[in-house]
Amino acid sequence: MTLKLGDVHREAIRRHSARDYPSECCGVFLGRANGEVKQVTEVVALKNLRHDPSRAQELLPVDDAGRETERNRFLIDPLDQLRVEKDARARGLEVLGYYHSHPDHPARPSIYDREHAWARYSYVIISVERGVPKDLTSWVLAEDGGAFCAEQVEIVG
Ligand SMILES: [Zn+2]
């Protein structure tokens, strides 16, 4: 699969990741899947619910709430997710995947990322080094769900 991302979409993700640094930012992207190509048409920034530790802990508890914070974890509010999905469907678009940032960490999925990923979606990760957005990668779960495979990202003007 190839993820086609507009230059404007990449910029939106970069800006969001820099704005929320040193926290992880997160969001969703919409568009259309056609054969082997996923064409992104829209990027929607969402809030990282790990900013609200008690609510986040209720929804999806982490083992070590003192160390697993918005600095290294993200959680999308299920209500935001529903709202975005509904809105996308109403406009003939689909949720193609999710993005989040890795502040001062490489743009590679963590074990946590893999364990919380769903099949089919693209997971875009952007690394942010000392506040400056760097690499952008995309990942999809293998058919058996065991591993994340790098997905080709094509930036279109
Ligand atoms: Zn991650």
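A salt bridge here is a side-chain nitrogen of Lys or Arg within 4 Å of a carboxyl oxygen of Asp or Glu. The model shown is predicted, and a search of the whole structure finds 10 such bridges.

**Figure 1. Aspartate 87 and arginine 91 meet in a salt bridge.** The N to O distance is 2.9 Å. Aspartate 87 is partly exposed, at 36% relative accessibility. Arginine 91 is also partly exposed, at 39%. Glu42 joins Asp87 and Arg91 in a network of salt bridges.

**Figure 2. Aspartate 7 pairs with arginine 10 within helix H1.** Their side chains form a salt bridge, 3.0 Å from N to O. Aspartate 7 is partly exposed at 34%, and arginine 10 is partly exposed at 28%.

**Figure 3. Aspartate 80 forms a salt bridge with lysine 47.** The closest N and O atoms are 3.6 Å apart. Aspartate 80 lies in helix H3 and lysine 47 in the loop between strand S3 (37-46) and helix H2 (53-59), so the pair ties together parts 33 residues apart in sequence. Aspartate 80 has a relative accessible area of 11%, under the 20% cut-off, so aspartate 80 counts as buried. Lysine 47 is partly exposed at 47%.

**Figure 4. The search of the whole structure finds 1 cavity of 30 Å³ or more.** The largest cavity holds about 30 Å³ of space. Its lining includes Asp80, Val28, Leu46 and Tyr98. Helix H3 (78-90) and strand S4 (94-103) each give two or more residues to this lining. H3 gives the most, with 4 residues. By type, the lining has 5 nonpolar, 1 polar and 2 charged residues.

Note on methods
Residues are numbered from 1 along each chain as its sequence is written. This is a predicted model: local features need pLDDT of at least 70, side-chain atom pairs count only at pLDDT 80 or more; totals for chains, interfaces and linings use all residues. Side-chain values use heavy atoms; hydrogens and water are left out. On a 1 Å grid over the protein atoms alone, a cavity is a set of points where a 1.4 Å probe fits but cannot get out, and a pocket is an open set with protein on both sides within 12 Å along at least five of seven lines; lining residues have an atom within 4 Å of a point. Grid points are joined across faces, edges and corners, and a volume is the space filled by probe spheres set on the points. Ala, Val, Leu, Ile, Met, Phe, Trp, Tyr, Cys and Pro count as nonpolar, Asp, Glu, Lys and Arg as charged, and the others, Gly among them, as polar. Buried means under 20% relative accessible area, exposed over 50%, partly exposed in between (1.4 Å probe, protein chains only).
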